[in-house]
Amino acid sequence: MKDMAYHYTKRSEVIKTNLIAGAAQGVGLTVGTALIIALLFFILAQFETMPLIGEYIGNLLDVVERERN
C-alpha cells in the first residue's frame, strides 16, 4: 500500500509509470497484430491449392505481393 501511495502522490512517478505502460501496450498491440496478419496470410496460402477458392486467393496474394514491391 505504501508503494502504491508513493506512485500516485509523486507526479513524476505517475507520468513515468503511464509512459512506460503506454509504450508497452503499443509494442504489444503491434507485435500481436503482426503475428495475427502473418498467421492469416499463412492460412490463405494453404487455401491456394483448393480448386475454386485457390484461384481467388492466388490472385489476392499476387496483388499483395505486387503492392509490397
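This is a predicted model: local features need pLDDT of at least 70, side-chain atom pairs count only at pLDDT 80 or more; totals for chains, interfaces and linings use all residues.

Visitor: Which residues of helix 3 are buried?
Guide: G54, I57 and G58 are the buried residues of helix 3. They cover an arc of only 110 degrees around the axis, so they sit on the same side of helix 3.

Visitor: What covers the buried residues of helix 3?
Guide: The cover includes helix 2.

Visitor: And which residues are exposed on the other side of helix 3?
Guide: L52, E55, Y56, R66 and E67 are exposed there.

Visitor: How far apart are the end C-alpha atoms of helix 3?
Guide: They are 26 Å apart. Helix 3 covers residues 51-68, which makes 18 residues. At 1.5 Å a residue, the span should be 26 Å, so the two values agree.

Visitor: Switching topic. How many salt bridges does the count come to?
Guide: The count comes to 2 salt bridges. One of them joins the side chains of K16 and E13, at 3.7 Å from N to O.

Visitor: Where are K16 and E13?
Guide: Both are in helix 2, 3 residues apart. That separates them by about one helical turn.

Visitor: Why does a gap like that matter for direction?
Guide: An α-helix has 3.6 residues a turn, so residues three or four places apart point the same way.

Visitor: Is E13 buried or exposed?
Guide: E13 is buried, because its relative accessible area is 12% and buried means under 20%. K16 counts as partly exposed, at 44% relative accessibility.

Visitor: Which residue forms a salt bridge with R68?
Guide: E65 does. The closest N and O atoms of E65 and R68 are 4.0 Å apart. Both residues lie in helix 3, 3 residues apart, about one turn of the helix.

Visitor: What about the relative accessible area of E65?
Guide: For E65 the value is 37%, so E65 is partly exposed. R68 is exposed, with 61%.

Visitor: Last topic, the surface. Which residues make the nonpolar patch?
Guide: V27, V31 and L35 make the nonpolar surface patch, which has an area of about 290 Å².

Visitor: Which helix does L35 lie in?
Guide: L35 lies in helix 2, which runs over residues 11-46.

Visitor: And is L35 buried or exposed?
Guide: L35 is exposed, because its relative accessible area is 57% and exposed means over 50%.

Conventions
Residues are numbered from 1 along each chain as its sequence is written. Side-chain values use heavy atoms; hydrogens and water are left out. Patches are made of residues with over 30% relative accessible area and no salt bridge: like charges are joined within 9 Å, nonpolar side chains (Val, Leu, Ile, Met, Phe, Trp, Tyr) within 5 Å. Accessible areas come from the Shrake-Rupley method with a 1.4 Å probe; for residues, only the protein chains shown count as cover. Helices (H or I, at least four residues) and strands (E, at least two) are DSSP runs, numbered from the N terminus. Buried means under 20% relative accessible area, exposed over 50%, partly exposed in between (1.4 Å probe, protein chains only). The expected span of a helix is 1.5 Å times one less than its number of residues. The arc is that of the directions from the helix axis to the C-beta atoms. Contact means heavy atoms within 4.5 Å.
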